Amino acid sequence: MSLIKDTLSRIQQSSPGEPEFYQAVEEVLESLEPLFKKEKKYSEHNIIQRIVEPERMITFRVTWIDDKGKIQVNKGYRVQFSSAIGPYKGGLRFHPSVNSGIIKFLGFEQIFKNSLTGLPIGGGKGGSDFDPKGKSDNEIMRFCQSFMTELYRHIGDTIDIPAGDIGVGGREIGYLYGQYKRLTGSYEGVLTGKKIPWGGSLARTEATGYGAVYFADSLLTSRNDQLAGKTAVVSGSGNVAIYTIKKLIEMGATPVSCSDSRGFIYHKTGINLNTLQQLKEQGKNESLEEYAKIHKDAKYTPVKDYPKGRNPVWSIKCDLAFPSATQNELNLADAKELLKNGCILVAEGANMPSTPEAVHAFLEAKILYGPGKAANAGGVATSQLEMSQNASMLQWSFEEVDGRLRNIMHNIYLSASQTAEEFGQPHNLVLGANIAGFRKVANAMIDQGAV
Ligand SMILES: NC(=O)C1=CN([C@@H]2O[C@H](COP(=O)(O)OP(=O)(O)OC[C@H]3O[C@@H](n4cnc5c(N)ncnc54)[C@H](OP(=O)(O)O)[C@@H]3O)[C@@H](O)[C@H]2O)C=CC1
Ligand SMILES: O=C(O)CCC(=O)C(=O)O
């Protein structure tokens with residue numbers, strides 16, 4: 001049996017019902033085939049069988065009391081996937097769709113993404129099926145305190161350092177951090193994405209979106225092209241989407257869309273960042289319908305009007321696309337539509353937003369395609385810069401952190417593209433990013449013996 005088939009059939013048997021995890025593993029394994037042909041040591045050390053199995057997966061009950069005094073129960077998760085090159089690092093997602101397969105796909109991606117940053121961080125991820133939408137601040141605080149009451153015993157500033165992801169921003173990190181301190185009595189950099197006055201890093205809030213745009217800039221520069229003057233479609237309207245839109249505007253491009261789980265906005269003359277931030281930031285999540293009430297030349301389309309099986313954000317004519325909401329939000333039909341309309345670049349702010357068929361369509365068309373592992377790595381990289389600042393009890397300026405972020409993104413681009421070239425597929429940054437990320441982790445595993 002082939003490496004891919006054999007591995008997939010084993011994980012499907014041992015971890016049933018985790019389709020997103022199988023999808024993430026299959027994509028990585030497809031990319032690794034040429035490396036395994038070239039270098040036998042990875043098979044000899046049984047790296048694949050080891051790397052697809054998390055070092056540890058913690059599942060726990062989170063009990064909290066709602067505003068009516070009723071006891072509520074959610075499930076909490078933390079996957080500590082790989083510590084080969086550093087402490088476990090990765091965000092927490094609070095969303096009703098969270099289950100073990102989602103957490104494992106995200107944790108698995110994080111191993112290679114974190115390696116690509118060039119920084120010493122291992123891979124982890126966590127979260128809960130708790131839905132922060134419609135909850136009061138007090139309910140969110142009580143949930144976070146209960147979540148941390150179990151999690152604190154598994155994390156630490158050199159062990160495992162969680163951060164934000166969907167549904168987890170500065171407010172949630174604050175409640176989690178407060179409870180960690182209460183339980184341990186220790187003021188340490190155990191979480192990243194903290195607010196600035198209590199240990200956060202300047203530019204961490206902006207980092208994932210800014211990083212995706214810096215990555216797109218490196219891609220365009222490789223073809224003697226530039227962001228200025230380009231039209232961009234962006235999905236999502238959370239942390240990643242907002243700062244993607246902000247940086248695109250700063251660099252002279254025109255972002256014309258944003259979306260959420262209820263609908264999307266098309267604003268041909270360009271998204272108004274102030275309006276978007278007013279509707280969406282600081283714990284607010286108002287409907288984008290409000291945006292179209294303020295900007296009469298913008299069009300709002302609710303999800304109920306979407307064509308079946310399609311995300312119409314990707315039907316807007318554009319040069320550049322930044323999927324920045326969630327996994328599998330862009331399918332083959334969407335990819336074909338983007339290509340038909342002349343899109344020349346896709347940079348993934350979200351984790352695994354394109355289905356495997358969509359990814360193949362982008363690679364076949366040889367457009368500039370930055371997979372999430374590479375294009376959205378600026379968030380976790382800046383989290384590591386936050387850890388460095390915490391460890392040295394210093395705070396760097398915004399310019400210092402942003403400058404480092406920009407360099408890191410360019411180096412990720414170079415590492416993925418040079419590796420793609422080494423394996424004879426210069427345009428294929430999926431292959432380049434996966435091999436470059438994997439090689440460093442796998443070599444560390446070999447050095448460290450059968451653990
Ligand atoms: N934050 C970070 O630093 C990083 C985030 N990422 C990835 O970026 C993506 C976005 O994260 P982030 O911006 O932080 O999260 P936020 O919670 O801030 O925003 C998520 C946005 O995506 C929308 N969304 C989420 N799920 C769906 C869905 N099923 N269908 C339609 N829209 C949806 C949300 O809409 P609504 O509010 O209506 O649910 C919201 O607009 C995720 O894939 C995340 O893993 C990657 C690297 C780092
Ligand atoms: O900042 C971090 O540690 C993690 C960010 C994250 O969750 C991601 O890269 O997907």
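This is a predicted model: local features need pLDDT of at least 70, side-chain atom pairs count only at pLDDT 80 or more; totals for chains, interfaces and linings use all residues.
Residues are numbered from 1 along each chain as its sequence is written, and chains are lettered from A and ligands numbered from 1 in the order in which they are written.

**Exercise 1.** Find which radius of gyration the chain has, and why it agrees with that of a compact globule.

Solution. Begin with the rule, 2.2 Å times the number of residues to the power 0.38, with the radius taken over C-alpha atoms. For 451 residues a compact globule would come near 22 Å, and the chain agrees because its value is 21 Å.

**Exercise 2.** Determine which residues touch the most other members of the largest nonpolar core.

Solution. First, take the term: such a core is a set of buried Ala, Val, Leu, Ile, Met, Phe, Trp, Tyr and Cys residues joined through C-beta atoms within 7 Å, where buried requires 20 or more other C-beta atoms within 10 Å of the residue's own, all C-beta atoms being placed from the backbone. Next, among the 103 residues of this core, Phe-215 and Ala-216 touch the most other members. Helix 17 (residues 429-447), a DSSP run of H or I with at least four residues, supplies the largest share of this core, 10 residues.

**Exercise 3.** State which residues a second, separate core includes.

Solution. This core has 21 residues, among them Phe-94, Ala-163, Tyr-177 and Val-190.

Methods. A residue is buried if 20 or more other C-beta atoms lie within 10 Å of its own, exposed if 12 or fewer, and partly exposed in between; C-beta atoms are placed from the backbone. Helices (H or I, at least four residues) and strands (E, at least two) are DSSP runs, numbered from the N terminus.
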